[in-house]
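The following note sets out points for a colleague reading the model. Please keep the structure open alongside the text.

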Amino acid sequence: MPEFDIAIRGGQVATGFGTARCDLGIRAGRIAALAERIDGAAQVIEADGLLVLPGGVDTHCHIEQPEANGTVHESDFVSASASAFAGGTTTGICFIPQFKGAGILDRFADYRARAAKGMLDHGFHQIIADATEEVIEREVPQVVAAGIRSLKVFLTYEPLHLSDRDYIRVLLAARKHGCLVTVHCENYEAIDWRTRALIDAGMTAPKYHAWSRPPVVEREATHRAIALAELVDQPIQVFHVSCEEAAEEIARAQARGLKVWGETCPQYVTLTAADMDRPGFEGAKFMCSPAPRDADEHARIWDRIRRGTLDVVSSDHCGYSFGGTLGKAQNGRDAPFRDIPNGIPGLAARLPIIFSEGVSKGRITLEQFVALTSTNPARLMGLAPRKGTIQPGADADLALWDPRRKVTITNALMQHAIDYTPYEGLEVTGWPVMTIRRGEVVMRDGKVQAEPGSGQYLPRGPYDLVRPRGVTPNGFMPA
Ligand code: URP
Ligand code: ZN
Ligand code: ZN
């Protein structure tokens, strides 16, 4: 009987902490050994000339997410899992919705059943859009007991945004139950005012999406989200930071010792507001919130990544097609920007873009790449050390990566059952040639082979990183 199920031979093994040329032994779906030479395996995978990376951990993806109007995002868990594997990602954290006037428990069961049909190992954030006493006092403890350790709030979007008072309620609930709070930081009232004014003035094309939400509304909400979290002594992660003004607020909080983390996404280092000014309805392909900025802002985001202000890069994958009846054109191709759904697909593109723009272009090291896309998100969400690293005992989730392969991104390569990618035509250097999930080869040379329903739910328990600091104004914390 061979000692290992798989040996991966001769690759350059990279974790968030260092890189070494060695062999890997996999047994029963886990990393069992790292050594100069591993013999005695049932299957040998030669990785000469390849990087062996921990599978990507994407802690911000909207997959098969039900909407308040009764529809569901077009990319389901099977196609989204295939897309993730095609791009080297093996774990995702998705969002259980809450709709105003309803609770969260019925959605939990429904969404868990949807996710169970996919192949991606998965956990959930719980969106709180209606912070009623029933939800906060009785339902949140139940979803925490079921393995959810992050509550997601929006400071913008009709009908999701929370008042400051309700945001504080969520922060307090998270503090009580040992959860992280993740925050979409844009000022709802300011955006609503500008949006109405733009539409009244006949400025309705997709490019005015960016005009409706300039960096100042992101900076203001980021400042407020952090200040209120400081008041309550609750750790938060600021989602999808698009600009230096918001990143500066995070850096200031971090310098004061607050537990505030910042996430950004590939779109904020590649896409620009000018993309939304393409002819006709084409600009809708690039509409997401916050809005893409410009090349100078890309450089500043890279700087914040290098300095550690922004330590996670997620996709914020959103399964809206361009032409389908549930996608960007759901309200017609002449719809004003306000009525075009926000969000872009990006599960498969995330790692290749950040590797290429980051490592291949010399902006970050290989170790930083692994930390940003796998190790840090796993740690921040309480999934470490099972996910996000290559060490004995961790799940054998791996991406075998050809750092020299040049690829032009096309929609077909994304394998996501969506009719477009906003990254069409982008040239990248570095590409995953094999993805392994818990010791099973689930993608080889672009061919995804995984059984629907084989993804595992990842219940999360208490973890130290999100423990409050114990510092409140005047030392006073209401019961
Ligand atoms: O435009 C975006 N980002 N759509 C997805 C929902 C969100 O705000 O994260
Ligand atoms: Zn958001
Ligand atoms: Zn999102």
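Helices (H or I, at least four residues) and strands (E, at least two) are DSSP runs, numbered from the N terminus. The model is predicted, so local features need pLDDT of at least 70 and side-chain atom pairs count only at pLDDT 80 or more, whereas totals for chains, interfaces and linings use all residues. Residues are numbered from 1 along each chain as its sequence is written, chains are lettered from A and ligands numbered from 1 in the order in which they are written, and side-chain values use heavy atoms, with hydrogens and water left out.

1. Helix α3. This helix spans residues 133-145 and contains both Arg138 and Glu134, which are four residues apart, about one turn of the helix. Their side chains form a salt bridge of 2.8 Å, N to O (a side-chain nitrogen of Lys or Arg within 4 Å of a carboxyl oxygen of Asp or Glu). Both ends are partly exposed: Arg138 has a relative accessibility of 43%, and Glu134 has 38%. Here buried means under 20% relative accessible area, exposed over 50%, and partly exposed in between, with a 1.4 Å probe and protein chains only.

2. Other salt bridges. The whole structure holds 36 salt bridges. One of them joins Arg278 to Asp275 at 2.7 Å, N to O; Arg278 is partly exposed at 37%, while Asp275 is buried at 13%.

3. Arg386 is partly exposed, with a relative accessible area of 31%, and Asp395 is buried, at 3%. Through shared partners, salt bridges connect Asp121, Arg386, Lys387, Asp395, Asp397 and Arg438 into one network.

4. The zinc site. Which residues coordinate the zinc ion (ligand 2)? They are His184, through ND1, and His240, through NE2, at 2.0 to 2.1 Å. Donors are N, O and S atoms within 2.8 Å of the metal (3.2 Å for Na, K and Ca), and sites may look incomplete because water is not among the atoms. This pair links distant parts of the chain, 56 residues apart: His184 lies in strand β11 (residues 180-184), and His240 in the loop between β12 (236-238) and α8 (244-255). His184 is buried, at 1% relative accessible area, as is His240, at 2%.

5. Zinc geometry. The arrangement around the zinc ion (ligand 2) is irregular because its four donor atoms subtend angles of 57 to 147°. Four donors count as tetrahedral if all angles lie between 85 and 135 degrees; four count as square planar and six as octahedral if opposite donors are over 155 degrees apart and all others between 65 and 115; anything else is irregular. A separation of 3.9 Å is found between the zinc ion (ligand 2) and the zinc ion (ligand 3).

6. Strand β8 and its partners. Eight of the eight residues of β8 (residues 89-96) are buried, so this strand is largely enclosed by the rest of the structure. Strand β6 (residues 56-58) pairs with β8 in the parallel sense over three bridges, with Gly56 partnered by Thr89; pairing requires that DSSP finds at least two bridges between the strands. Strand β9 (residues 121-127) also pairs with β8 in the parallel sense, over six bridges, and Ile96 stands opposite Gln126 in β9. From β8 the chain crosses through helix α2 (residues 105-115) to β9 in a right-handed β-α-β crossover: with the strands pointing away from the viewer, the path from the first strand over the helix to the second runs clockwise.
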